[in-house]
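Welcome! Below you will find a few exercises, each with a solution that goes step by step. Take a look at the sequence and the structure before you start.

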Amino acid sequence: PPQRPGRANQAARGVAAGWSPAQVCPIPVMRRRSWSGPAKFSTGYLDPMESGPSPIVSTVSRPHPARRASTTYPVHDSIDARFADMDANGHLNNVALETLHENTRAMLHRRVLPDAYDLSSRKLRIVTSTIVVHYLREAPWPAVIQTAIGIGHIGRTSFVSSSALFLDEECISVCDTVLVVLDANGPTPIPDDARARLEALRLLVD
């Protein structure tokens, strides 16, 4: 790699020499002094597209192939896409697709913990901790989107709702959402009756 110039003229010299943007504007790279030593930041000439994501960035792998199959999910429905869901690219916007996931899981949660949605008397709430969405293909308007959902994991105080959206039998998006059950004091164990309902809604994977 080219020798690093002084900071004052680094950008100008880099452009003149035909360096890549990553060389002209180095990105912070996490390095370790040793396997057991503390981590520290230094500045290098790594191209993020070639070196992989920075260690400070949270990334997830692509979804399991079974998540693209409608038969994986125990609950199905359909919903019409709205004209307002389109964006400047002429397809259903990613935020609009996430609202379809949100509505799909909210309907399921009402079956699991119906009292959590009674604002006048509820003692438990369901709150979102993490959402991971994969957008797998574009979807046009007009369109009737098939929704599918099941429970991907059940913990002590939380569970994962795993949903998918389909168009013409092809999966266009999948979503995993971590939900936490709360009472007045914070996270609380999932009630036994709700846990039984969650178990009955697990994803159908061999």
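This is a predicted model: local features need pLDDT of at least 70, side-chain atom pairs count only at pLDDT 80 or more; totals for chains, interfaces and linings use all residues.

Residues are numbered from 1 along each chain as its sequence is written, and side-chain values use heavy atoms, with hydrogens and water left out.

**Exercise 1. Describe the secondary structure and the burial of the protein.**

Step 1: Helices (H or I, at least four residues) and strands (E, at least two) are DSSP runs, numbered from the N terminus. The protein has five helices and eight strands.

Step 2: Read from the N terminus, the order of the elements is α-α-β-β-α-β-α-β-β-β-β-β-α.

Step 3: Buried means under 20% relative accessible area, exposed over 50%, and partly exposed in between (1.4 Å probe, protein chains only). Among the 206 residues, 35% count as buried.

**Exercise 2. Find the largest nonpolar core and the elements that build it.**

Step 1: A nonpolar core is a set of buried Ala, Val, Leu, Ile, Met, Phe, Trp, Tyr and Cys residues joined through side-chain atoms within 4.5 Å. The largest one has 16 residues, and Leu-113, Ile-151, Phe-159, Ile-190 and Leu-198 have the most contacts inside it.

Step 2: Two or more residues each come from helix H4 (94–112), strand E5 (144–154), strand E7 (170–183) and helix H5 (192–199). E5 gives the largest share, three residues.

Step 3: Look around Phe-159, taking contact as heavy atoms within 4.5 Å. Beyond its neighbours within four places in sequence, Phe-159 has contacts that include His-109, Ile-126, Thr-177 and Val-181.

Step 4: Another core, of ten residues, lies apart from the largest one and has Leu-100, Ala-143, Ile-145 and Leu-167 among its members. Leu-100 sits in helix H4 and is buried, with a relative accessible area of 9%. Not counting residues up to four places away in sequence, Leu-100 touches Ile-79, Ile-145 and Leu-165.

**Exercise 3. Which backbone details stand out at Pro-142, Asp-168 and Glu-169?**

Step 1: Begin with the general rule: most residues other than glycine have a negative phi, and most peptide bonds are trans.

Step 2: The peptide bond from Trp-141 to Pro-142 is cis, with omega near 0°. Pro-142 is placed in the loop between strand E4 (125–135) and E5.

Step 3: Asp-168 has a positive phi, near 55°, and Glu-169 has a positive phi of about 70°. Asp-168 lies in the loop between strand E6 (158–167) and E7, and Glu-169 lies in the loop between E6 and E7.

Step 4: Asp-168 counts as exposed because its relative accessibility is 63%. Glu-169 counts as exposed at 77% relative accessibility.
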